[in-house]
Amino acid sequence: MVSTLQPPNPEVFQTETKSTVQETLLTPRFYTTDFEKTANLDLSAQEKGLQAMLTEMRTDYNRNHFVRNEEFERSWDHIVGEERQAFLDYLERSCISEFSGFLLFKELSRKLKGRSPILAEIFQLMARDEARHAGFLNKAMGDFKLSLDLGKLTKQRTYTFFPIEWVIYTVYLSEKIGYWRYILIYRHLEQHPEHRFYPIFRMFESWCQDENRHGDIFKALLRSQPQLWDTWQSRLWSRFFLLSVFATHTLTVHERSIFYDMLGLEATSFDREVIRETNATAGRAFPVMLDTDHPAFFDRLHQCSNLNLKISEINRSHQPQILKFCRKLPLVLAIFGHLLRLYLIKPIDAEALRGVVR
Ligand SMILES: [Fe+2]
Ligand SMILES: [Fe+2]
């Protein structure tokens, strides 16, 4: 529950605009890719599906959804201390992640114009959605007297290059995990409205439908490229990206467990439900799913998270850098050991299950 402490002196909360973010391994990155290769992708195997999705995207179901109604027009200064910080951290990472999608989709749309008309328009419409999502989150941050200077971030932050194949795997997963995160919070708050401490959570139902549609578009892209699902290499890459996305999720959720407490959610159960659902969904696109029922699966992920929390604690200490490094090294190695053993757990063959009703 949100603390009901007396609101502090209002002057404590001065609006601040941030043009840099604290970069950690878990901060969402900005991406760029091989636009030439993307323009030359043969989409014929999924052209009908992509055309249908383009028509749906043009309909723009959420055109009037992202409106700040009177519920937002009040002070939020009663949310203070660790809770305020945890919620702001959630809003900030979500905003950066949505904005990262906007930048990549916008650039793809620009570079593919005149070369791959269907993709150029689809990416333009997905960029439209992500700009709305990022803008809405940034306005929510504004309610807590903090906002991100997205223009400066665009120019100043480093972009990570991913081959288009990696972009397809990771964006598919991030859209689908985004869908599950939003919808599970929404459904939980429908059952427990007393924990809805800020109105943005009401918007999550229609919001997550945008992410679901984006995920479906990336599923069509993935299935149009047999090398992404019909080869032994694709099975290894799929395992790698599934595990990376799930491990990042576990670490992030447990780093901000205070935010989940505020929602009346238990961080570990929420994390597991999101991973189980996303893994099952991914089985419709990827050649393999991870065996989340394996007894070591969540146990090892949880151990990674505990080690990561210890690392964060060391980072916050005021010890000399060299001492911090020496203390962190065995913890980092232990995380890699767990991840390696998780990677080696035999996956579930999703291609073999295809056609079987699940
Ligand atoms: Fe989004
Ligand atoms: Fe999205």
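Buried residues account for 34% of the 358 residues in the chain (buried means that 20 or more other C-beta atoms, placed from the backbone, lie within 10 Å of a residue's own). This is a predicted model, in which local features need pLDDT of at least 70 and side-chain atom pairs count only at pLDDT 80 or more, while totals for chains, interfaces and linings use all residues. Residues are numbered from 1 along each chain as its sequence is written, and chains are lettered from A and ligands numbered from 1 in the order in which they are written.

Let's start with the overall fold. The chain has 13 helices and six strands, taken as DSSP runs (H or I over at least four residues for helices, E over at least two for strands) and numbered from the N terminus. Its radius of gyration is 21 Å, close to the 21 Å from the globule rule for 358 residues, so the chain is as compact as a globular protein of that length. Here the radius is taken over C-alpha atoms, and the rule is 2.2 Å times the number of residues to the power 0.38. The C-alpha trace spans about 60 × 50 × 40 Å along its principal axes.

Now for one helix pair. Helix α4 (residues 117-143) and helix α7 (residues 204-223) have axes that come within 11 Å and cross at roughly 150°; axes are lines fitted to C-alpha atoms over the stretch in contact, with angles from 0 to 180 degrees between N-to-C directions. That makes α4 roughly antiparallel to α7 (an angle over 145 degrees). I122, M126, D129 and H133 of α4 meet W207, D210, H214 and I217 of α7, where contact means C-beta atoms, placed from the backbone, within 7 Å.

Terms used: Angles under 35 degrees count as roughly parallel, over 145 as roughly antiparallel, 65 to 115 as roughly perpendicular and the rest as oblique. Two residues are in contact if their C-beta atoms, placed from the backbone, lie within 7 Å. A residue is buried if 20 or more other C-beta atoms lie within 10 Å of its own, exposed if 12 or fewer, and partly exposed in between; C-beta atoms are placed from the backbone.
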